[in-house]
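This briefing covers selected features of a predicted model, grouped by topic. Please read it alongside the sequence and coordinates.

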Amino acid sequence: MPEPLEPTFRSSMTVELVKHTASDADVLFAARVSTAGEQSLNEIGKDPERSKGLINYLMRERHGSPWEHTSMTFLISAPIFVFREFHRHRAGWSYNESSGRYRELEPVFYWPSADRKLVQQGKPGHYTFVDGPPGMHDFTCVQMEIAYREAYSAYEQMLAAGVAREVARSVLPVGLYSTQYATCNARSLMHFLSLRTTHPDAKVKSHPQREIEMVAEQMETHWAKLMPLTHAAFNANGRVAP
């Protein structure tokens, strides 16, 4: 009988750009078909820098459909509770997540980093998070570890007794790490970023949970390298998705 797996604990999120068809030039040829018809094909392969004014115009006037002619696929590792928030975003998104029905789930669990603010103050919609008193972080991690170890032990015992994986997984907490592919276009990503990041240029302030914001920030870094003109226009126009 194999040795029980030892739980591990982390606070980081990882995001890898797996594949993409996304560039500023993709936006330009899609936009110009409205006035140039088939001649818009001539835009493919041209330097988009000369047309950054058009990109800014499209962003400012919220002509968003040209950005739908792009695609990015990310491989994301994060706790299950992050993916539960992620899946609120449906328009322009596709997901496939690791399944506890078909594979035994590994004991990798979330606990907050030392700089994670743990105390909520104020009413929902009007609250802030502040540092807790001395010792709160250690207390939180200890309580999490106790619960995680107990839950995973029950999971392993159920599997060893022959209980189906899809049933045994029900004892596992949302702090368990999972993995998913998330595919989106640039327009849907901008909408996601407008809600799941805080930024000084945002016209409409958002208050995302820090853990999903950590994922969003990494996705934005990848996207900004692919579409720098679009990213600049997004920021210049208040980070409002077109």
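Tyr 155 is buried, with a relative accessible area of 0%, and Tyr 152 is likewise counted as buried at 1%. These two tyrosines lie three residues apart in helix 4 (residues 136-160), about one turn of the helix.

**Aromatic pairs**
- The structure holds 14 aromatic pairs; in one of them, the ring planes of Trp 93 and Tyr 95 meet at 5° with centres 5.8 Å apart, so the pair is stacked.

**Nonpolar core**
- The largest nonpolar core has 50 residues, of which Ile 76, Phe 86 and Met 219 touch the most other members, and helix 7 (residues 210-226) supplies its largest share, six residues.
- Beyond its neighbours within four places in sequence, Ile 76 is in contact with residues including Thr 14, Phe 86, Gln 180 and Met 219.

- Strand 6 (residues 119-123) and strand 7 (residues 126-130) run antiparallel and are joined by five bridges, with Val 119 partnered by Val 130.
- Two residues separate these strands in the hairpin, and Gly 125 in the turn has a positive phi of about 90°.
- In helix 2 (residues 52-60), the buried residues are Ile 55, Leu 58 and Met 59; they fall within an arc of 100° seen down the axis, so they line one face of the helix.

How values were computed
Residues are numbered from 1 along each chain as its sequence is written. This is a predicted model: local features need pLDDT of at least 70, side-chain atom pairs count only at pLDDT 80 or more; totals for chains, interfaces and linings use all residues. Side-chain values use heavy atoms; hydrogens and water are left out. Buried means under 20% relative accessible area, exposed over 50%, partly exposed in between (1.4 Å probe, protein chains only). Helices (H or I, at least four residues) and strands (E, at least two) are DSSP runs, numbered from the N terminus. The arc is that of the directions from the helix axis to the C-beta atoms. Two strands pair if DSSP finds at least two bridges between them. A nonpolar core is a set of buried Ala, Val, Leu, Ile, Met, Phe, Trp, Tyr and Cys residues joined through side-chain atoms within 4.5 Å. Contact means heavy atoms within 4.5 Å. Rings of Phe, Tyr and Trp (its six-membered ring) pair if their centres lie within 6.5 Å; planes under 30 degrees apart count as stacked, over 60 as edge-to-face and the rest as tilted.
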